[in-house]
Amino acid sequence: MAWRCSGKTNRELIENLMKSKILGLNEGQHDRISHAMESVDRAHFVLDKSSAYNDSPQSIGHGATISAPHMHAYAIDHLLPFLRPGARVLDVGSGSGYLCAVLHHLVSPPSAADSEEGQKTGKVVAIDHIPELVDWSLANLKKEERTRLAVEKGLIEVHAGDGRQGPFDAIHVGAAAPTIPEPLVSQLARPGRMFIPVGTAVQHIFQVDKDEEGNVTQTQIMSVNYVPLTDRDKQTPW
């Protein structure tokens, strides 16, 4: 089961996630997910280092959390067809910056010298409505050489407050919106996909797909329990 995937090290955590039955949409491509997640040490993005490799959500202050590792893996599995090298990705409610780092590994080659023919450099744009978390996430991203360089080169951007103009090939939302926000749907590329928790008292993950003609479909995936996307009385995120 997903909550039994905890490990003593980052590698053991990821190995347990890959052995579980929660991933199954992209058979034959799980190595992409495991390699990206193994490349980012979760301990750099949590407050309680002793629990960094537990498969559970953790508080990161300011009423926010970092999602459980199995939820990050699940989100990546759903978005994977749109996380090609060269893709543009939006991470809403980016929190500690962990998923930004993982997404960067999926959409950008390690370096121009190491990239395969035809590979392009992608971009990850992250937003969070809490300025203190934006500052902390940038500090976290700079703990590892590859993501530090990505921030310096503008391949990873982290912003406080409002959204950013698309189109984006993939959008991940890390907190629950009351309804599916139309401004985010409008920022999806054609084709594009969004992974978003929706609801208040009762929440579900929705997969929102836009095809090449701009037609939008919404698929309810599973029940979840996320923190709210934003305090609407204080700030509108778009």
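The legends below describe close-up views of a predicted model.

**View 1. Strand β7 and its surroundings.** Strand β7 spans residues 188-199. Most of this strand is covered, with 10 of its 12 residues buried. Strand β6 pairs with β7, and so does strand β8.

**View 2. Strands β6 and β7 run parallel.** Strand β6 covers residues 168-173 and is joined to β7 by four bridges. One of the residues to look for is Phe 168, whose bridge partner in β7 is Leu 188.

**View 3. Strands β7 and β8 run antiparallel.** Strand β8 takes in residues 203-210, and eight bridges connect β7 with β8. Ile 196 has Phe 206 of β8 as its bridge partner.

**View 4. Strands β8 and β9 pair in the antiparallel sense.** Strand β9 is made up of residues 216-224, and its pairing with β8 extends over eight bridges.

**View 5. Two buried cysteines, Cys 5 and Cys 100.** Cys 5 has a relative accessible area of 2%, so this residue is buried. Cys 100 is likewise counted as buried, because its relative accessibility is 1%. Both values fall under the 20% cut-off for buried residues. With a limit of 2.5 Å between cysteine sulfur atoms, the count of disulfides in the model is zero.

Methods
Residues numbered from 1 in each chain as written. Predicted model: local features only at pLDDT ≥ 70, side-chain atom pairs only at ≥ 80, totals over all residues. Heavy atoms only, no water. Buried < 20%, exposed > 50% of the residue type's maximum accessible area, 1.4 Å probe, protein only. Helix = DSSP H or I, 4+ residues; strand = E, 2+ residues; numbered from the N terminus. Pairing = 2+ DSSP bridges.
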